[in-house]
Amino acid sequence: MFPPFTVKTSLHDALRQVRELQQAILEKQRFKGYSGRARALGGCSAMAAGLVLGSHMVSPLPKVHLVGWGVVFVLAMVLNYGALIYWFWHDPEVERDVRRLRPALEIVPILVVAGVLTLVLISHEEYNLLFGTWMLFCGLINFTARQVLPRGLSWVGFYYLCCGLLCLLAFPQLSFTHNPWVMGAVFFMGEFFGGLVLHYDEKALPSLRTFFGFPAPSAPEESE
């Protein structure tokens with residue numbers, strides 16, 4: 001018979017090895033195609049658009065505001081998917097395997113439904129419902145593929161869902177043309193902190209300095 005402490009030690013070692021193996025598998029499956037800085041820049045563009053559209057220099061016509069938010073959407077897509085394409089072509093671990101893009105492609109149906117619903121609301125001139133609707137869909141996007149993305153993005157998705165529900169249920173008359181700063185502020189906070197979550201999940205860019213574009217601090221030299 002083996003001593004009890006020997007059996008206990010062997011069991012702990014086996015459990016530790018299983019956990020390490022599970023962690024290695026999860027790390028290998030982790031999707032690294034999204035850029036934290038690209039996402040944060042998209043949030044900054046939303047905040048800038050909210051401030052500009054809310055100023056007296058811009059016409060309060062809904063069509064003008066729709067064009068403004070359309071520009072923000074296109075810019076965000078260019079930033080995020082441009083970074084995704086760069087990762088796909090230049091990361092040696094990806095090996096240009098199209099299957100690695102699956103998490104990014106899974107949000108396409110959500111974007112299509114969001115686009116259709118946006119057109120329906122515009123056709124019925126329900127402009128005041130657009131902000132809340134967009135926030136809800138953005139929340140759903142953050143929950144998509146959460147098994148291969150950082151867990152912190154689920155909290156970002158929850159934040160967007162709460163903001164969207166508040167806009168639609170508590171403040172249904174929130175003006176699309178007179179309160180664009182609300183949309184800008186919500187998306188700035190969500191995209192900026194979502195960008196931070198992605199940034200700190202990247203092994204090559206772990207510091208806050210690199211998030212803002214500054215070079216990483218050099219490691220202190222070891223004294224002999």
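Author: A residue counts as buried when its relative accessible area is under 20%, as exposed when that area is over 50%, and as partly exposed in between, with a 1.4 Å probe and protein chains only. This is a predicted model, in which local features need pLDDT of at least 70 and side-chain atom pairs count only at pLDDT 80 or more, while totals for chains, interfaces and linings use all residues. Residues are numbered from 1 along each chain as its sequence is written, and side-chain values use heavy atoms, with hydrogens and water left out.

Reader: Are Trp134 and Phe176 buried or exposed?

Author: Both Trp134 and Phe176 are buried.

Reader: How should I read a pair of aromatic rings, and how many aromatic pairs does the count give?

Author: Two quantities describe such a pair, the distance of the centres and the angle of the planes. Rings of Phe, Tyr and Trp (its six-membered ring) pair if their centres lie within 6.5 Å, and planes under 30 degrees apart count as stacked, over 60 as edge-to-face and the rest as tilted. By this rule there are 13 aromatic pairs; one of them, Tyr127 with Phe176, is stacked, at 6.1 Å centre to centre and 25 degrees between the planes. Both Tyr127 and Phe176 are buried.

Reader: Which geometry does the pair of Trp134 and Phe176 have?

Author: The pair of Trp134 and Phe176 is edge-to-face, with 6.2 Å centre to centre and 75 degrees between the planes.

Reader: Which residues form one aromatic cluster?

Author: One aromatic cluster is formed by Trp69, Tyr127, Phe131, Trp134 and Phe176.
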